[in-house]
Amino acid sequence: MTSSSDRSLTVGIEGPKTYDIRTYGCQMNVHDSERLSGLLEEAGYVRAPKEADGADVVVFNTCAVRENADNKLYGNLGHLAPMKTARPGMQIAVGGCLAQKDRDTIVKRAPWVDVVFGTHNIGKLPVLLERARVQQEAQVEIAESLEAFPSTLPTRRESAYAAWVSISVGCNNTCTFCIVPALRGKEEDRRPGDILAEIEALVAEGVSEITLLGQNVNAYGSDLGDREAFSKLLRACGAVEGLERVRFTSPHPRDFTDDVIAAMAETPNVMPQLHMPLQSGSDTVLRAMRRSYRQERFLGIIEKVRAAIPHAAISTDIIVGFPGETEEDFEQTMHVVREARFANAFTFQYSKRPGTPAAEMDGQIPKEVVQARYERLVALQEEISWDENKKQVGRTLEVMVAEGEGRKDGTTHRLSGRAPDNRLVHFTKPDEDVRPGDVVTVEITYAAPHHLLAEGPTTAVRRTRAGDAWEKRTAAAAAKPAGVLLGLPKIGVPEPLPAAEAPACGVGH
């Protein structure tokens, strides 16, 4: 593990250097980027202002699950090459899954890159940057196994009140479309006491909502020899005073057992929300994907969750056009979507992931066929999402106020936030002051496919410790001297990534 003294070498008499981290892919990468920010700030760097021409250090935290991931990376690196030539001392680092996979290829294709590091040794970034500066040559260091659990590293959280808490890393599944196990390694679980200690520390700082994070989050316990460890962890979260909302992502149907459903239903601060990746409704395709459940098992889980938690909002991931998928297979997926009635779905057109078995399979589907099926699926899900949202009209909901989730809030004089089931709610701005992290009570008056409206007056406002934390953090950022911009926190549950970036493997598989 990198020592604190090692991480303090990067700032000299010329003053603090700025950094910019560009993140691609799943929630695990987003969480890793918070760690990278924490490492760099502990080493003396400051985040570059958004309006600045360029940072002294640019870090790409990469994803390897899309077919064109490398093209996207090298295109971005190419744009930076002339800037680096014009700015002596500027450094570029590449980490994450693509770095773990391609290793020396990155420096060969982009020799102006200074540092390449992998998924297992993100704690080395400050030392590798310093070494590259001193030795005037690229530093490529890829660890084959985890050096330190990421949660032991410093963190710069993007939100004042919502936080990711990683409970495991790696994955023991062998899905044929997914390269994550090869890049993140086998599952390693944190000790429950360490997880709860981190949660309690976060709550003490003002955090009121946490999202438990793992590549296969509900397999937690397989490394500890306890098949009910995840449900026990959920119940333990219910005993943390001041923790108002608990979420988790992403589970796997294979490991979704009745004790987890019971823990969700019986633990008041575990939210009525579930992301359950389907990938395909066809048993034939699921077998080819090497998914260890079938349609009947998946729908059985949905039925049990709805029986125990009637108002649960269930979302999913679906891949269209997997090799060998027939029209009949696709219709089975449409059938499951109709039966499950997901609140929303991340839908993907299959694309080859280099290094995965599926990339070499026979029966690759023509692009135009995949596109046509994809459009049919999206149209069906849009219809269902709207119908399900209409059922919320007339309900009174507690909404946790967010920041930055309502792009039109300024012109509509509304605020935005998340309901307990994570639906996005836009509501009329109340007369009294409301801060991100506070909780308002509103009645839903209108539903759209992807959001709800509460157009009447706010019936209650509850000021919270989370709102206090946001206010304190915002004041501290505003008080920083010019040139040292920490940035305002992005408030809200760590938000779902847009469908164009959210992978169909990794977290959400």
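Is Ser208 buried or exposed, by its relative accessibility? At 5% relative accessibility, Ser208 counts as buried, where buried means under 20% relative accessible area, exposed means over 50% and partly exposed lies in between, with a 1.4 Å probe and protein chains only. This is a predicted model, in which local features need pLDDT of at least 70 and side-chain atom pairs count only at pLDDT 80 or more, while totals for chains, interfaces and linings use all residues. Residues are numbered from 1 along each chain as its sequence is written, and side-chain values use heavy atoms, with hydrogens and water left out.

**Overall make-up**

The protein has 15 helices and 21 strands; helices (H or I, at least four residues) and strands (E, at least two) are DSSP runs, numbered from the N terminus. Of the 509 residues in the protein, 57% are buried. Among contacts with a separation of 6 or more, 75% join residues 24 or more positions apart, a contact being heavy atoms within 4.5 Å.

**The sheet and its surroundings**

An open sheet is formed by three strands in the order S7-S10-S11, with parallel pairing; two strands pair if DSSP finds at least two bridges between them. Strand S7 (162-166) and strand S11 (245-249) are the edge strands, each of which pairs on one side only. From one strand to the next, the twist averages 25°. Five bridges join S7 to strand S10 (residues 209-213) in the parallel sense, and Ala162 has Glu209 in S10 as its bridge partner. Helix H7 (residues 192-204) packs on this sheet and touches S7 and S10, its direction making about 165° with that of S7; such axes are lines fitted to C-alpha atoms, for helices over the stretch in contact, and angles run from 0 to 180 degrees between N-to-C directions.

Ser208 sits in the loop between H7 and S10. Not counting residues up to four places away in sequence, Ser208 touches Tyr161, Gly242, Leu243, Glu244, Arg245, Met400 and Ala466.

**Nonpolar cores**

A nonpolar core is a set of buried Ala, Val, Leu, Ile, Met, Phe, Trp, Tyr and Cys residues joined through side-chain atoms within 4.5 Å. The largest one has 64 residues, and those with the most contacts inside it are Ile199, Leu212, Leu234 and Phe256. Apart from this core lies another, of 24 residues, among them Leu73, Leu77, Met90 and Val116. Leu234 touches residues including Leu212, Val246, Phe248 and Val260, not counting those up to four places away in sequence.

**Aromatic pairs**

The whole structure holds four aromatic pairs; rings of Phe, Tyr and Trp (its six-membered ring) pair if their centres lie within 6.5 Å, and planes under 30 degrees apart count as stacked, over 60 as edge-to-face and the rest as tilted. Two of these pairs are set out below.

| Pair | Centre to centre | Angle between planes | Class |
|---|---|---|---|
| Phe230 and Phe248 | 5.1 Å | 85° | edge-to-face |
| Phe298 and Phe342 | 6.2 Å | 65° | edge-to-face |

Phe230 lies in helix H8 (residues 229-237) and Phe248 in strand S11, so their pair ties together parts 18 residues apart in sequence. Phe230 is buried, with a relative accessible area of 1%, and Phe248 is buried as well, at 7%.

The other pair links distant parts of the chain, 44 residues apart, with Phe298 in helix H11 (residues 295-308) and Phe342 in the loop between helix H12 (327-340) and strand S14 (344-349). Phe298 is buried at a relative accessible area of 0%, and Phe342 counts as buried at 0% relative accessibility. Together with Tyr293, Phe298 and Phe342 form one aromatic cluster.
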